Amino acid sequence: MLSLEDPPRDDSRETITRARDHGLRVKMITGDDVAIGKEIAAQVGIGPNILTAGDVFTKDVDMDHLPNRIVDCVETADGFGRVFPEHKYAIVKALQGRGHQVAMTGDGVNDAPALKQADCGIAVSGATDAARAAAAIILTAPGLSTVVDAIDEARKIFERIINYVLFRVSMTLDIMVVVVFATVFFGFSPLTPIMIVLVALLDDVPIMTIAYDNTLVPAKPVHWQMRHLLLGSSVIGLFSIAQTLGVLLIGMEWLGNEHWQSWIELSKEQIQTVVFLQIVAGGHLLLFVVRARGFFFSRPWPASRLFAAIVGTQILTVLMCGFGWLVPAIPWAVIGLVWLYMIAWMFVLDLVKRALNHYLRESAYSNGTKP
């Protein structure tokens, strides 16, 4: 008689603990006997509720259309033993049917159907060609700790994409509405063609550095919520429109106010420069607002590349407006007034963002969905 042992990797327990800290549920699916599965589950920190797959998925069950009692069992179980390939596929499909995002790891030919069905199939190091072909991610290093590292990086990328969308949609709404409003009601364009080109070029610099920004790693799994994203960007865009329209209306009042003109004389072309300065400065300050889920001055701080890109473009814009590079020059006092106006609006937009985030969270909880 020979005694054989196939122990788990040393980092398995730590990896499963980290996964749970990320809001993930880990289930064991093994072809070994249930007794072996329970022993390994105890060693790595998975729950003891390991079931025999054949007892749950009887021969008369359609694996593509499981009854609710079986789906309930799959959802609550910690794992399954004596699993066949069709059972693995059915487990993944049952969890997806309940709205879960499912990642599946495997290395053999019998794992291929489940790897293909999963939202994210992960072929581990040394997997067969069939498993590699079916998987979305192929691990080159042994162990599963890299999966949690990949989740961290993916959630950071997700946050950066959200920041980009909020910034881009808000700025697009701002420029389009203000240009149309001024053209229709005041009979002139608030931005010259060269200014529109400069706005696009100056915006591109900080936008490219969003990819390197520091972000908080969400504690729970993230997924697209287009209604919330569109609502958030639209509301922030409306306040950005109000911000720019405020500058435009003040400028138009300035042109007809003799008292203000006696203090600082401005022409219609200089009003265009004021609007140009406000759009560039206000847009880049808005990026500081939307990148933070709390107050804009809370951690994590902006990455050095993003901060340098915004500061650099603002210095260049101020010099362009002050010395008249490519745009009509405006007095330095007016530049200072515009910046005071922008800083005040920065706090207003931050309060709007926090109120909006609170509303969306409450709406998600009241509807029984995850925020």
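This is a predicted model: local features need pLDDT of at least 70, side-chain atom pairs count only at pLDDT 80 or more; totals for chains, interfaces and linings use all residues.
R82 is located in the loop that connects β3 (79–81) with α5 (85–97), where helices (DSSP runs of H or I, at least four residues) and strands (DSSP runs of E, at least two) are numbered from the N terminus. Residues are numbered from 1 along each chain as its sequence is written, and side-chain values rest on heavy atoms, with hydrogens and water left out.

Although R82 is not a glycine, its phi is positive, at about 55°. R82 is partly exposed, with a relative accessible area of 47%; residues under 20% are termed buried, those over 50% exposed, and those in between partly exposed (1.4 Å probe, protein chains only). A positive phi, near 70°, also occurs at L326, a residue other than glycine. L326 belongs to the loop between α13 and α14 (332–366) and is exposed, its relative accessible area being 59%. P300 is placed in the loop between α12 (268–290) and α13 (304–323). Most residues other than glycine have a negative phi, and most peptide bonds are trans.

Twelve salt bridges are present in the structure, each defined as a side-chain nitrogen of Lys or Arg within 4 Å of a carboxyl oxygen of Asp or Glu. R82 takes part in one of them, with the side chain of D33 (2.5 Å, N to O). This pair links distant parts of the chain, since D33 lies in the loop between β1 (28–29) and α2 (34–44), 49 residues apart from R82 in the loop between β3 and α5. D33 is partly exposed, at 29% relative accessibility.

R98 and D72 form another salt bridge through their side chains (2.7 Å, N to O). Here the loop between α5 and β4 (103–106), which holds R98, is linked to helix α4 (residues 68–76), which holds D72, the two residues being 26 residues apart. Both partners are partly exposed, with relative accessible areas of 32% for R98 and 36% for D72.

A further salt bridge joins the side chains of D149 and R18 (2.9 Å, N to O). The partners are 131 residues apart, with D149 in helix α8 (residues 145–185) and R18 in helix α1 (residues 12–21). D149 has a relative accessible area of 40% and is partly exposed; R18, at 24%, is also partly exposed.

Leaving aside neighbours within four places in sequence, F276 is in contact with L191, M195, L198, V199, L202, T317, M320, C321 and V327, contact being defined as heavy atoms within 4.5 Å.
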